[in-house]
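Here are my notes for you, written as numbered points. Keep the viewer open and find each residue as you read.

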Amino acid sequence: MQRYKDPEGKDKMNPFAEQEAWEEHQIGKSKLEFGSKDRNRSSNEYQFVFDDQIDFVKSSVIEGTQFEDDSDQETIDAKDILKRELQDERKTLPIYKFRDELLKAVDEYQVIVIVGETGSGKTTQIPQYLHEAGYTARGKVACTQPRRVAAMSVAARVSQEMGVKLGHEVGYSIRFEDCTSEKTMIKYMTDGMLLREFLGEPDLAGYSVVMVDEAHERTLSTDILFGLVKDIARFRPDLKLLISSATLDAEKFSDYFDSAPIFKIPGRRYPVEVHYTKAPEADYIDAAIVTILQIHVTQPPGDILVFLTGQEEIETVDEILKHKTRGLGTKIPELNICPIYANLPTELQAKIFETTPEGSRKVVLATNIAETSLTIDGIKYVIDPGFCKIKSYNPRTGMESLLINPISKASANQRAGRSGRTGPGKCFRLYTSYNYMHDLEDNTVPEIQRTNLANVVLTLKSLGIHDLVNFDFMDPPPSEALLKALEQLFALSALNSRGELTKTGRRMAEFPLDPMLSKMIVASEKYKCSDEVMSIASMLSIGNSIFYRPKDKQVHADNARLNFHTGNVGDHIALLNVYNSWRETDFSTQWCYENYIQHKGLMNMTFLINTLFFYLRSVRSMKRARDIRDQLEGLMERVEIEVCSNASDLDAIKKAITSGFFHHSARLQKNGSYRTVKNPQTLLPRWVIYHELVLTTKEYMRQVTELKPEWLVEIAPHYYQLKDVDDAGSKKLPKGQGRAAL
Ligand code: CDP
Ligand code: MG
């Protein structure tokens, strides 16, 4: 461990000097099967040495804000709290002291901007205060969240605090899942769902208060909501608007809402020590794992929160950690690994809020969701690799992609702050202080400036908002992107040449889907295959978690998967085959098991657990697809499209798909000479449509189906001309965008 330096540059044996006592207790002179051992020492001098130690430099301390150290601040064991105790706990939150003042302000002003540190109680408490003060007697209280998981988990928490059943007085509404009832008074929902509610109820008559929470996240839907709620507030003086944010740039919100007063909730925050790596890390996943273990064996008790960019990364780290900590022996405390990301089954999500048993340590592997949307008590160490996945859009090519990008300074500071909520904390940044100073932007660019706006434009148009250029945006989107969206909607026949909504457009707007998907559904009427297309759309909507491919059983898994592709039907039809086969077995769970998970041969425990986990996940995914499909079927009635099946005519189905996805066409060119010799057909360029483009180190297309190029001209004549798709002719690719050549 000699490579650690203290701030003055002196070598230290232990970077975390103050922790020596604990270290001695934990590591002592025991023999550990972990990392590499220094074999030159005699066993009683045993020293714990890592394979790859990471060098951190303590750089700065983020000062905690002032707070009074009430005696009633101590945390209570969340597991066996009764409602009474939960009520007491509510009183310990920083916001509690401001309850009456806040309610007075709400009474006095129509719009208030509320700013408070994450964890101060904004999301869980304010709607309850409003309910207690009688606002729910006049209408529901809406509280929007940018993330599904946050909406669900906060609603669950609040229903617990109020001692009511989730979905009754307190409920949530997220896309494809409505957990509310006639009784619901407090409704947590994603910002996108509230946006959709405008379609049915343009003045939000059923609501007395709208709280746009996590406003600092500036998601696309939140930004659009700003414009809409600001507008309706003018003609609904009884409607209260709360804009709440975890960051301090509240002036901008206040300015936008005609100088609305800012209500600040002083945070309760302890100082956080920030450590940077001395040199840049080549592999942040690896570095994160090493740092977790380093903290685990050298640092005093306290849970760890690691920020990763997505589900795949979280699963990788989870797996490696399980492997590395296996057989650590009893001298090293247990490490409970808790993943949290959007698609994690709800049952497992609750685990992150459980109190860590004495003598063990919890490590939460989270996406950005833990940055401000969710507060996990007991976190003392934060590991921040400095990346997050963000959507970016190139209006020129019309390509949208999810890319791993460096975070902003604002995000880095939010992340660090998560470690100082219940006591002084430490944040380990897996980048250098130079990187922080020079490479990170101050703030994340609002989503509206880096995304495809087709969906939003369609929604606004169906709300009767035609003049998009003069819409009251807090930060306007690039005009190029707006234009591109109009163009795309025109190409999809959702708008006419005057930019007005067509019948197709109105029908498309009914579906809570991307315009390309809704177009494909609407087009299925023409091709008389709505049954099939709805199934495909549902399968496409659940993402990428259907097939499980265990590392040691790849061949079996691939064979199972190939069965659905028989006849080289393409990925879309394969998804349909999966769904239909499952439907034929009357949605049997056993069937999922047999078809996705191959578990022949010997299994070890980890494999078994992983298999079970993935198995549950794929069953869950299938159930979700079924739910989504049921809802789409309900909407078909609304748009008056008859549900009919045309299973034998694959071309008809593919044409319907092409009607929505003709932007996503590509000419496949295989240059591998081996293949062309063996298989002459592949010499000919083949045309495909793809569902989405994924950019990692390379671009690749996800869900690909072959199509006949002449379909493009038949289906989208305004977009493709014959010469564009003439393989023999010009080498030029079509003028249409969204192409990817492999
Ligand atoms: O919105 P804000 O970040 O200000 O705080 P909050 O989400 O209302 O959280 C207040 C408290 O409720 C925190 O101590 C959380 O740990 C707790 N909480 C919880 O235990 N379970 C949840 N699902 C959400 C919040
Ligand atoms: Mg919150």
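1. Let's start with the shell around ligand 1. Helix 4 (122–132) gives the largest share of this shell, 4 residues. Helix 4 and helix 5 are each listed as supplying at least two residues of the shell. There are 16 residues around the ligand, and Lys122, Thr123, Thr124, Arg157 and Thr375 come nearest. Keep in mind while you look that this is a predicted model.

2. What sort of residues make up that shell? Sorted by type, the shell around ligand 1 has 10 polar residues, 3 charged ones and 3 nonpolar ones.

3. Now zoom out to the whole protein. You'll find 27 helices and 20 strands. The protein has 742 residues, and 43% of them count as buried. Take the contacts with a separation of 6 or more: 73% of them are between residues 24 or more positions apart.

4. Next, the inside. In soluble globular proteins, nonpolar side chains tend to be buried together. Here the largest nonpolar core has 178 residues, and Val210, Val306, Val364, Met520 and Ala537 have the most contacts inside it. Helix 5 (residues 148–162) gives the most to this core, namely 9 residues.

5. Pick Val306 out of that core and see what surrounds it. Setting aside residues up to four places away in sequence, Val306 touches Ala288, Ile292, Val363, Val364, Leu365, Ala366 and Ile383. Two of these names will come in handy below: Val364 is itself on the list of core residues with the most contacts, and Ile383 has a bridge partner in strand 17.

6. On to a sheet. Strands of a sheet pair through backbone hydrogen bonds, either parallel or antiparallel. The one to look at is an open sheet of 7 strands with mixed pairing, in the order 1-10-17-14-11-13-12. Which strands stand at its edges? They are strand 1 (56–62) and strand 12 (334–340); each has a single partner strand, so one side of each is left without a neighbour in the sheet. From one strand to the next, the twist averages 20°.

7. Strand 10 (residues 272–277) and strand 17 (residues 425–429) run parallel and are joined by 5 bridges; Val272 has Gly425 in strand 17 as its bridge partner. Strand 14 also pairs with strand 17 in the parallel sense, over 4 bridges, and Ile383 has Phe428 in strand 17 as its bridge partner. Strand 11 and strand 14 pair over 4 bridges, again in the parallel sense, and Leu305 stands opposite Val382 in strand 14. As for cover, strand 14 is mostly covered, with 6 of its 6 residues buried.

8. Is His168 in a helix, a strand or a loop? His168 sits in the loop between helix 5 and strand 4 (170–174). It counts as partly exposed because it has 16 C-beta neighbours inside 10 Å. If you skip its neighbours within four places in sequence, His168 is in contact with Ser181, Lys183 and Thr184. Thr180 is worth a look too: His168 and Thr180 are 12 residues apart in sequence, and their C-alpha atoms are 6.2 Å apart in space.

9. Finally, two residues to check for their backbone angles. Most residues other than glycine have a negative phi. Glu214 has a positive phi, near 55°, and is not a glycine. Glu214 lies in the loop between strand 7 (207–212) and helix 7 (220–235). Buried or exposed? Glu214 is buried, because 25 other C-beta atoms lie within 10 Å.

10. The other one is Gln703, which is not a glycine either and has a positive phi of about 60°. Gln703 is placed in strand 20 (residues 699–707). With 21 C-beta neighbours inside 10 Å, Gln703 counts as buried, since the cut-off for that is 20 or more.

Key. Residues numbered from 1 in each chain as written. Chains lettered and ligands numbered in written order. Predicted model: local features only at pLDDT ≥ 70, side-chain atom pairs only at ≥ 80, totals over all residues. Core = buried A, V, L, I, M, F, W, Y, C linked by C-beta atoms within 7 Å. Buried ≥ 20, exposed ≤ 12 C-beta atoms within 10 Å, placed from the backbone. Contact = placed C-beta atoms within 7 Å. Near = placed C-beta within 6 Å. Nonpolar A, V, L, I, M, F, W, Y, C, P; charged D, E, K, R; others polar. Pairing = 2+ DSSP bridges. Axes fitted to C-alpha atoms, helices over the stretch in contact; angles between N-to-C directions.
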